[in-house]
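Here is a friendly walk through a model of several chains, from how the chains meet down to single residues. Keep the view open while you read.

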Amino acid sequence: MMKVGVWEAFFLVVRRELALSFRRPDQLLQPLVFFLIVTTLFPLGLSVQLSLLRDMAPGVLWVAALLSSLLSLDALFKSDADDGTLEQLALSGQGLQVIVMAKTLAHWLVSGAALVLVSPLVGTALAIPEAAFGTMMLSLSLGTLTLSWLGAIGAGLTVGLKRGNVLLSLIVLPLAMPLLIFGAGATDRAISGTSAAGALYLLAALCVLTCTLAPFAATAALRITLE
Amino acid sequence: MWTWFYKLASPPYVFGVAAALTPWFAALAALAIGYGTVAGLVFAPPDYQQGDAFRIIYVHAPAAWLSLFAYTTMAVAGGIGLIWRIKMGHAVAAATAPIGASFTLLALVTGSLWGRPMWGTYWAWDPRLTSELILLFLYVGVMSLRPAFEDPARGDRAAALLSIVGVVNVPIIHYSVLWWNSLHQGATVAKIGKPAMPGSMLWPLLSMLLGFMLFYGAVLCIRVRGEVLNRERQATWVREAVKS
Amino acid sequence: MMSAFWSMGGYARYVWPCFGFAGAVLIWNLWSACGYLAAARMRAVRALAMGAGENV
């Protein structure tokens, strides 16, 4: 019997998740398209004046990123829970933690990281100056990673529930509010030219806190669901 | 020494103790709140800067304090239920949630009404107000998650986990006025030994604080008995308890 | 002198609704908790009545 090491198992699961995601490219693109559409709604609904757009750009960007991340979070554990794969993975002898971390990382790669890559496009549409793009993308990277982890906790708690996705949003959004405040704050400061360092540090601190503690919470949540 | 702790794990014991404590909590709460209200509205002198509007503190500060205390209780009780599998922990957590949420709402509303004359606005997105609003959302999340599960025991555990995750917000609310430049004023009473308030204003406030806590105790005991009955419906001791 | 009390130095429309809402919250808590206990009691009695037919 082949003994699989922890890192091997980790990368195996990540590869599996990525392979599964790319097999359904439409599922991959939908949250991104949603992101683009939502960011379009705000200028249409509020104002098309460039100066006003620039003012509300950080908030719009971040709210849209939050909402589109939520869309894809529902699927984090759902399909595996439905066909029993999740239970098999839990019984596999590798810690459930490793599996959860791998799944969450894979989820971030296809949703959060994709968002970050698309963000310059959205930034241009919202009249964000190019000088602020660096901070914008850095803050979005940290923020979406944190969000993936918070979402993993929520997804672990709500997988298998009727109308679980509504509950998921209800649970995750309040936890994500500090994230929104610091992330939008960092981008805002970069746009106005002042130093975004403070907000970025706080964002990074939130990210580190979440990445270290959330795996335990998410794994515990899954165990409650799978029992 | 720990026997009282072990006894609290027993549903019939909790049911009995809660029943015995309720009238005491209620009576003492009535006294404390009665004195606090009268003294706060009538005998405390008006504030130098805020005039009579400062009297709102007598309901606002206790409500805000209780909103934090109740959430922490809910998280700790849920944690006890989750870690040591003591079902009474979940009963206390479930009972505490609606009480805490109502006090959070009270804190937000009274704070808003106080803000209008003082800061000129019913609402400001400053750190303390925002994090207290987030607290309300966290309560709602926990209260929505629990009944969503078909198996009530699973619902209890999920709600407990969620409340523990959210407890991070409590110190943020408390220290927000210290960490950020905030519209909201800083700590008045917490400075031990030299509070920033004169005695005639302070005593009614402390009395209201105590009164609200005792009130919380009374209502919690009533609700916990209901939770215990709902969870232990099939047990034999319930037969005797409900006959009376 | 009483009118000075009621007008709360001009802040009456902020102070009194606060205390009123506080009273309402306290009353709601008591009423809701007692109702919860009563409903739980009734459900327990009903469960016992249904079970009484099976066990002696």
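Of the 2 pairs of chains in contact, chains B and C share the most contacts; two residues are in contact if their C-beta atoms, placed from the backbone, lie within 7 Å. This is a predicted model, in which local features need pLDDT of at least 70 and side-chain atom pairs count only at pLDDT 80 or more, while totals for chains, interfaces and linings use all residues. Residues are numbered from 1 along each chain as its sequence is written, and chains are lettered from A and ligands numbered from 1 in the order in which they are written.

**How the chains meet**

Chain C puts 27 residues in contact with 32 residues of chain B. On the chain C side, these divide into 22 nonpolar, 3 polar and 2 charged residues. Here Ala, Val, Leu, Ile, Met, Phe, Trp, Tyr, Cys and Pro count as nonpolar, Asp, Glu, Lys and Arg as charged, and the others, Gly among them, as polar.

Chain C itself has 2 helices and 0 strands; helices (H or I, at least four residues) and strands (E, at least two) are DSSP runs, numbered from the N terminus. Of its 56 residues, 23% count as buried. A residue is buried if 20 or more other C-beta atoms lie within 10 Å of its own, exposed if 12 or fewer, and partly exposed in between, with C-beta atoms placed from the backbone.

The contact between chains A and B takes 13 residues from chain A and 16 residues from chain B. On the chain A side, the elements that give two or more residues are helix H8 (133–158), helix H9 (164–192) and helix H10 (197–226). H9(A) provides the largest share of that side, 6 residues. By class, the side has 13 nonpolar, no polar and no charged residues. Chains A and C do not touch, and their nearest C-alpha atoms are 24 Å apart.

**The core**

The largest nonpolar core has 146 residues, and those with the most contacts inside it are Ile56(B) and Leu161(B). Such a core is a set of buried Ala, Val, Leu, Ile, Met, Phe, Trp, Tyr and Cys residues joined through C-beta atoms within 7 Å. Leaving out residues up to four places away in sequence, Leu161(B) touches Leu157(A), Ala217(A), Ala220(A), Ala221(A), Ile224(A) and Leu82(B).

**Two helices of chain A**

The axes of helix H3 (residues 50–73) of chain A and H8(A) come within 10 Å and cross at roughly 40°. Axes are lines fitted to C-alpha atoms, for helices over the stretch in contact, and angles run from 0 to 180 degrees between N-to-C directions. H3(A) and H8(A) are therefore oblique to each other; angles under 35 degrees count as roughly parallel, over 145 as roughly antiparallel, 65 to 115 as roughly perpendicular and the rest as oblique. In this contact, Ala65(A), Leu66(A), Ser69(A), Leu70(A) and Leu73(A) of H3(A) meet residues of H8(A) including Leu140(A), Thr144(A) and Leu147(A). By class, the contact has 7 nonpolar, 4 polar and no charged residues.

Most residues other than glycine have a negative phi.
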